[in-house]
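Subject: Two-chain model, handover and findings

Dear colleague,

Here is the model I said I would pass on. My notes follow below it.

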Amino acid sequence: MKARDVMISPPIVGPDAPATEAARLLADPEVRGLLVVDADERLAGVLTDAMLLRFLLPPYVAEAEPLAGVLEEEAADALWRRLEGKRASDLLPEDGAENAEVNSEATLIEVASAMVEADVPMVAVREDDRVVGAITLNSLLKQLLTP
Amino acid sequence: MRDAVVVSIFVLAYTLIATEWVHRVIVALAGAGLMLLFRFVSAQDAFQSERFGIDWNVIFLLFGMMVIVGVLRHTGLFEYIAIRSAKRARGRPFRIMVMLVLITAVASALLDNVTTVLLVAPVTLLIAERLGLSPIPMLISEAMASNIGGTATLIGDPPNILIGSQGGLSYIDFLVNLAPLVVVLMVVYILAIKLMFRRSFVYKPERVVELMALDERESLRERPLMVRALVILGMVTAAFVLHGVLHYEPSVVALLGAGVLLLVAGREPWPFLREVEWHTLVFFAGLFVMVGALVKAGVVSSLARAAIRATNGDVLIAVLLLVWVSAILSALVDNIPYVATMAPLVHELVRALPGSASTTVLWWALALGADLGGNATAIGASANVVILGIAARGGHRIRFLEFARYGVVVTLLTVGLSSIYLWIRYFVLA
C-alpha cells in the first residue's frame with residue numbers, strides 16, 4: 001500500500017489566512033493538523049495542534065520553563081490575544097515544511113518514518129510539486145494495525 | 001614558506017569567523033585539521049602539549065561550569081530573585097533596571113556570562129510585558145552588565161578563563177587586581193544607563209498590579225535540587241578562592257563540582273548535559289590547535305619582538321596599547337578567538353619585557369580590553385549575541401546600530417577608566 005491509498009483531505013488554509021481561523025479549525029478534536037498551501041498549490045507547511053499550542057505560549061516561558069508557574073491563573077485567559085493580527089503562516093515553525101511531507105508513491109514505512117522523524121501527527125502528500133492530501137497519525141495507525 | 005602557509009590559513013580562518021561566512025565551529029575544525037594535515041603541529045602537539053595544543057584546563061573548566069549551571073537553570077532560582085526584586089521595587093522602571101543589572105553583574109562574576117543572560121533575559125521579557133514597557137533598554141543593559149561583571153573573576157568571562165590558564169593567574173589574582181575596578185565601573189555604568197535610557201523609564205502605576213500578581217515562589221519547584229546546586233557552587237567558588245592553599249587547578253575544581261552535583265542530583269543526567277554547549281568547547285579546541293601552529297612556527301615570537309621594538313620596551317605604552325587595541329578588536333570580532341591568539345603573544349611579552357614582576361599588568365590589560373571591548377557592538381561578546389536572540393524570539397528586534405549607540409559610549413567610558421586605573425595602580429603607585 002502506498003501513501004496515496006491512505007491519504008485524506010484535511011482542512012486547508014492559505015498562508016495569509018487569519019491565525020484565528022486556523023486556530024478555530026484546529027480546536028476541533030477530529031483535526032490534528034492543517035495544510036497551509038499557497039495559491040500555486042505549493043506547501044507552505046503542515047500546521048499541527050502542537051505548533052499552535054507552542055505559539056500561544058509566551059516566548060519567555062518557552063525560554064525559561066520555571067516561569068510557567070509564576071503566572072497567575074487568569075494569564076491563560078489572555079493567551080488567545082497572541083493570535084491577534086497574525087497570519088496562518090506566522091504560526092509555522094521556521095523550518096516547518098522540511099520534513100513534514102512525503103511523495104504519493106511512498107510506502108507506509110516511509111510515511112511512518114517521516115512522521116516519527118519530524119515528530120508531527122500529520123504529513124502532507126505531494127505529487128510532483130503539488131500538494132494532493134495528507135496522512136494523519138490516526139489514519140496511518142488504523143491501516144498499520146489492520147491484520 | 002611554511003610560515004607563510006601557517007599565517008595564511010590562520011588569517012583566512014579569522015576572516016571567515018569574523019565575517020560569519022562559515023559557521024565558526026566548522027572554521028575552527030577545518031583550520032585545526034589543515035594545521036595537522038600539513039604537519040605544522042603534530043598530533044602529539046595538538047592533544048598533549050600545553051604550548052602548541054589544546055589547553056584542556058580551559059575546556060574542562062568551561063565544561064564543569066556548564067554542567068553546574070545546567071542544574072541551576074532547572075531550579076528557577078534566578079526567576080525567583082528577579083521577580084522578587086522587581087516587586088520590591090514596586091514597578092519603578094529605573095529601580096527594576098538597577099536590580100536586574102546588579103543581579104546580572106554578580107551572577108556573571110560567579111558563573112559564565114552567557115549562562116547568566118540566558119537566565120535573566122526571559123524573566124526580563126515577562127517583567128517588561130507586565131509593566132507595558134519595551135524590554136530592549138533592560139536587555140541591552142543586562143548584556144553589558146554581564147560583560148562588566150564577568151570581568152571581575154577568573155571564571156566570569158571565557159577570555160578570563162583563557163588568560164588565567166595561559167598566564168598562570170589564580171582566581172584570587174583576578175579578584176585582587178580586577179574586582180575593585182569592576183565595582184567602580186559598575187557604579188559609573190549605572191549612572192550611564194540612567195542617562196542613556198532616561199526616556200524609557202515611564203512609570204505606569206496602573207500596570208504595577210499586574211506585576212504584583214506574579215507569584216515568584218511558584219518558580220522554585222525543585223527546592224532540594226536548588227539547595228544542593230547552591231551548596232556545590234559555593235564549595236566550588238571557595239575552592240577557586242583557596243587555590244593558594246589547596247593547589248587544585250580551577251579545571252579540576254569545576255570538574256569535581258560537576259561530577260558531585262550530578263551524583264547528588266539523584267536522577268538521570270540528560271536534561272543537565274543538554275545545557276552543555278558542545279559547539280563552544282569544540283570551537284575552543286580547534287582554535288587552540290590553530291594558535292598552537294602559529295606559536296610553533298615562531299610567528300608569535302616575531303610579533304612579540306616587533307611589539308617590543310615598537311614600544312621601545314616601555315611597559316606603560318605596551319599596556320595602554322594592549323588595552324585599546326584589544327577593546328577595538330574585541331568590538332569587531334568575537335573576543336574568544338582574539339584572546340586565544342593574543343595569550344601566547346602576551347606570554348612572550350611578559351617574559352621579555354624588563355621588570356618581570358610588574359609585567360603581569362599586561363594580562364590585566366588584555367583582560368580589560370577584551371572583556372569591556374565586547375560591549376561596543378552586538379557581536380562583540382557572546383552574551384550580546386544571546387540577548388539579541390532571546391529578544392528576537394520574544395518579538396523585539398534589536399538593531400546592530402541601536403546596540404552600538406549605547407555600547408560604544410559604555411566601552412569608551414569603561415575602557416578609559418580602566419586605562420587610568422592601570423596607570424595609577426601599576427605605574428604611579430608601584
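Axes here are lines fitted to C-alpha atoms, for helices over the stretch in contact, and the angles between N-to-C directions run from 0 to 180 degrees. The model is a predicted one, and everything below is computed from it.

Chain B, helix H4 with helix H13

In chain B, the axes of helix H4 (residues 56–73) and helix H13 (residues 223–241) come within 9 Å and cross at roughly 150°. Angles over 145 degrees count as roughly antiparallel, and H4(B) and H13(B) are therefore roughly antiparallel to each other. The crossing of H4(B) past H13(B) is left-handed. On the H4(B) side the contact consists of Ile68(B), Val71(B) and Leu72(B), which meet Leu225(B), Ala229(B), Ile232(B), Leu233(B) and Val236(B) of H13(B). By class, the residues of this contact are eight nonpolar, no polar and no charged.

Helix H13 of chain B also contains Val231(B). Is Val231(B) buried, exposed or partly exposed? Val231(B) has 13 other C-beta atoms within 10 Å, so it is partly exposed; the cut-offs are 20 or more for buried and 12 or fewer for exposed. Between the C-alpha atoms of Val231(B) and Gly257(B) there are 10.0 Å, the two residues being 26 apart along the chain.

Chain B, helix H11 with helix H23

The other pair to look at is helix H11 (residues 179–196) and helix H23 (residues 400–428) of chain B, whose axes come within 10 Å and cross at roughly 150°. That crossing angle makes H11(B) roughly antiparallel to H23(B). H11(B) passes H23(B) in a right-handed crossing. H11(B) brings Leu181(B), Val184(B), Leu185(B), Val188(B), Tyr189(B), Ala192(B) and Met196(B) to the contact, and H23(B) brings Tyr406(B), Val409(B), Val410(B), Leu413(B), Thr414(B), Leu417(B), Ser418(B) and Tyr421(B). These residues divide into 13 nonpolar, two polar and no charged.

Chain B as a whole

Chain B has 23 helices and zero strands. For its 430 residues a compact globule would have a radius of gyration near 22 Å, and chain B agrees with this at 22 Å. The C-alpha trace of chain B spans about 70 × 50 × 45 Å along its principal axes. Of the 430 residues, 50% count as buried. Of the contacts in chain B between residues at least 6 apart in sequence, 81% join residues at least 24 apart.

Chain A

Chain A has seven helices and six strands. Read from the N terminus, the order of its elements is α-β-α-β-β-α-α-α-β-α-β-β-α. With 147 residues, a compact globule would have a radius of gyration near 15 Å, and the 16 Å of chain A agrees with that. Along the principal axes, the C-alpha trace of chain A spans about 50 × 35 × 25 Å. Buried residues are 36% of the 147 in chain A. Among contacts in chain A with a separation of 6 or more, 62% are between residues 24 or more positions apart.

Where the chains meet

How many residues of chain A are in contact with chain B? There are 10, and they are in contact with 18 residues of chain B. On the chain A side, helix H4 (59–63) and helix H5 (67–70) each supply at least two residues. The side of chain A that touches chain B has seven nonpolar, one polar and two charged residues.

Regards

Methods
Residues are numbered from 1 along each chain as its sequence is written. Chains are lettered from A and ligands numbered from 1 in the order in which they are written. This is a predicted model: local features need pLDDT of at least 70, side-chain atom pairs count only at pLDDT 80 or more; totals for chains, interfaces and linings use all residues. Helices (H or I, at least four residues) and strands (E, at least two) are DSSP runs, numbered from the N terminus. Angles under 35 degrees count as roughly parallel, over 145 as roughly antiparallel, 65 to 115 as roughly perpendicular and the rest as oblique. A crossing is left-handed if the near helix is turned anticlockwise from the far one by less than a right angle, and right-handed if clockwise. Two residues are in contact if their C-beta atoms, placed from the backbone, lie within 7 Å. Ala, Val, Leu, Ile, Met, Phe, Trp, Tyr, Cys and Pro count as nonpolar, Asp, Glu, Lys and Arg as charged, and the others, Gly among them, as polar. The radius of gyration is taken over C-alpha atoms; the globule rule is 2.2 Å times the number of residues to the power 0.38.
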